[in-house]
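I opened this entry to note what I looked up, one item at a time. The sequence and structure come first.

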Amino acid sequence: MPRTQDFDTAEVIGHARDLFWDKGFEATSIRELERVTGLNRSSLYHAFTSKRGLYDAAVHDYLDHVVRPRLRVLTDEPTRPDAAERYYRSLADALAALPDDAPGRGCLLLNSAAGFAAHDDAQRSVVDAYQCELSAALTHALRAHDPDASAATLQHRTRLLTSLSVSALLLSRVNRDEAVAVANTAVEQLEEWRP
């Protein structure tokens, strides 16, 4: 007879996501996952097959509930000319408001890029896809910001702004003030580019 699931999958994934976000995949133990989810090892493996299965579910949850809602300001139609500035101001505000002990510092995906993604093709693909999604959203917003910009100019500006996003998110793990300053630098750069 099949086992019945007596827990909220979304809640379990959310708790695991925050732990992976804080500690990374490699440093997170099954024992810690048992503690934060309230499930034993057997239940975790039954529901998610492995620690990696739970991590992959946490990554999808992160993309759907953290990344894409934040990017929406860049992609909503009609796109406002100040969409990119609004995105970076929101990012700066979020970074400034995050307590030092919050698990959600930095970016779950970028944090993995500095660790196991360098040796894991599947995770590398996820990080690459995230970078492409961020770049596409920024390009979309930059077209609204300066409709007369050439394709080469848009590509250059997108690459620069993507780099500032990555820098701000990585720095927020160790130096919140500098991370906020980097996000604000993006706002200042966008103001200089305003036609």
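Which residue follows α3, and is its phi positive or negative? I looked past the end of the helix and found threonine 49, with a positive phi near 75°. I keep in mind that the model is predicted.

**Helix α3**

I then went back to the start of α3, where I checked asparagine 40. One of its side-chain oxygens comes within 3.1 Å of the backbone nitrogen of serine 42.

Next I asked which residues are buried in α3, the helix of residues 41-48. I listed Ser43, Leu44 and Phe48. These three lie on the same side of α3, because the arc they cover around the axis is only 100°. I noted the general rule as well: an α-helix has 3.6 residues a turn, so residues three or four places apart point the same way.

I also looked up what covers these buried residues of α3, and the cover includes α1 (9-23), α2 (30-37) and α4.

**The largest pocket**

I turned to the largest pocket and noted a space of about 270 Å³. Its lining has 17 residues. Nearest the centre I found Val66, Arg70, Leu91, Gly106 and Leu169.

Which elements give two or more residues to this lining? I wrote down α4 (51-75), α5 (83-97) and α7 (121-145). The most comes from α4, which gives five residues.

Last, I sorted the lining of the largest pocket by kind: 14 residues are nonpolar, two are polar and one is charged.

How values were computed: Residues are numbered from 1 along each chain as its sequence is written. This is a predicted model: local features need pLDDT of at least 70, side-chain atom pairs count only at pLDDT 80 or more; totals for chains, interfaces and linings use all residues. Side-chain values use heavy atoms; hydrogens and water are left out. On a 1 Å grid over the protein atoms alone, a cavity is a set of points where a 1.4 Å probe fits but cannot get out, and a pocket is an open set with protein on both sides within 12 Å along at least five of seven lines; lining residues have an atom within 4 Å of a point. Grid points are joined across faces, edges and corners, and a volume is the space filled by probe spheres set on the points. Helices (H or I, at least four residues) and strands (E, at least two) are DSSP runs, numbered from the N terminus. Ala, Val, Leu, Ile, Met, Phe, Trp, Tyr, Cys and Pro count as nonpolar, Asp, Glu, Lys and Arg as charged, and the others, Gly among them, as polar. Buried means under 20% relative accessible area, exposed over 50%, partly exposed in between (1.4 Å probe, protein chains only). The arc is that of the directions from the helix axis to the C-beta atoms. Contact means heavy atoms within 4.5 Å. A polar contact is a pair of N or O atoms within 3.5 Å; within protein, one must be able to donate a hydrogen and the other to accept it, and residues adjacent in sequence count only if both atoms are side-chain atoms.
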